[in-house]
Amino acid sequence: MGFGPAGFLNAPVSKLITFGTAAASILAHVMRAHHKVALTPRGLDRGELWRLVTTNLVFTAPGEALCGMYLLYHFRVFERQRGSAKYGTFAAICTALSTGMQAALVPLARSIGYRLGRDPFASGPHALVFAHFVPYFLDIPCTYHFTVFGVRFSNKAFVYLAGAQLLLSHGPRSIVPSMCGLLASLAYHSNALGLKGLSPPHAVCRVLKATVGRLLGMEARPRALVRMRPAANG
């Protein structure tokens, strides 16, 4: 499977997120602005609200970028299952919730006398990537198992391994946004706040399909069905 059009067939939102992240990361490094994109206490104090957006877009290291891009590409299966509108809503809600959690940690830490560092949160779509691990664990079945040195693994182990590398790529700085994404996804899938029922208006979907969809090369092809089969989670 490649990263070309066939790989992202029926997954235009995943394509936009993946290539958008790659383009933003490259641009930030070319402009030497990668140190100005993360969410920081000082940035919030100065009213640099663009950081609420850029902190979810720009990877700052090649290793984490490779893992993150691989996982975003791998998780495109959820867009094919749910449809672009539903998947886009899920991605937007989880990103917004996790960003809000990170921003709220700044005054919370100050209120209890804990001093955060100058750059406590790693930038990049860590939260969005880890938001996918909830449906991945719950809904994606194992297809085969293998044994290494007497230890039994499922085929899902490779995805979890890539996730672990991304989680630990910056130590606590990457763990915090990743856990915020996981919590946001749990809130979404539990539907405790009625989030799963949210969807963009049809008029907005039509406009986006006619504009952004054309740029992404959306084609009116039948969506491949991905059938869910009950199996042990790995």
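Helix α1 (residues 12-30) packs against helix α4 (residues 62-74) at an angle of about 165 degrees, and their axes lie 9 Å apart. That angle makes α1 roughly antiparallel to α4, since angles over 145 degrees count that way. This is a predicted model, so please read every value here as computed from its atoms.

Let's stay with this helix pair for a moment. α1 and α4 meet in a left-handed crossing. On the α1 side, the contact is made by Ile17, Thr18, Thr21 and Ala22, and on the α4 side by Met69, Leu72 and Tyr73. Sorted by class, the contact of α1 with α4 has 5 nonpolar residues, 2 polar ones and no charged ones.

| Helix pair | Angle between axes | Distance between axes |
|---|---|---|
| α1 and α4 | about 165 degrees | 9 Å |

From α6, the residues in contact include Lys86, Phe90, Ile93 and Met101. From α10, they include Val176, Pro177, Leu183 and Tyr188. By class, the contact of α6 with α10 has 12 nonpolar, 5 polar and 1 charged residues.

Now for the aromatic side chains. The structure holds 14 aromatic pairs. One of them joins Phe8 and Tyr73, whose ring centres are 5.1 Å apart with planes at 75 degrees, so the pair is edge-to-face. Phe8 sits in the segment before α1 and Tyr73 in helix α4, so this pair ties together parts 65 residues apart in sequence. Tyr73 is also among the α4 residues that touch α1. Phe8 is buried, with a relative accessible area of 3%, and Tyr73 is buried as well, at 5%.

Phe133 and Tyr160 also form an aromatic pair, this one stacked, with 6.0 Å from centre to centre and 25 degrees between the planes. Because Phe133 lies in helix α8 (residues 133-139) and Tyr160 in helix α9 (residues 157-167), the pair links parts that are 27 residues apart in sequence. Phe133 counts as buried at 9% relative accessibility, whereas Tyr160 counts as partly exposed at 25%.

Phe133 and Tyr160 belong to one aromatic cluster, together with Phe75, Phe78, Phe130 and Tyr136.

Note on methods. Residues numbered from 1 in each chain as written. Predicted model: local features only at pLDDT ≥ 70, side-chain atom pairs only at ≥ 80, totals over all residues. Heavy atoms only, no water. Contact = heavy atoms within 4.5 Å. Helix = DSSP H or I, 4+ residues; strand = E, 2+ residues; numbered from the N terminus. Nonpolar A, V, L, I, M, F, W, Y, C, P; charged D, E, K, R; others polar. Axes fitted to C-alpha atoms, helices over the stretch in contact; angles between N-to-C directions. Parallel < 35°, antiparallel > 145°, perpendicular 65-115°, else oblique. Left-handed = near helix turned anticlockwise from the far one by under 90°. Phe/Tyr/Trp six-rings, centres within 6.5 Å; stacked < 30°, edge-to-face > 60°. Buried < 20%, exposed > 50% of the residue type's maximum accessible area, 1.4 Å probe, protein only.
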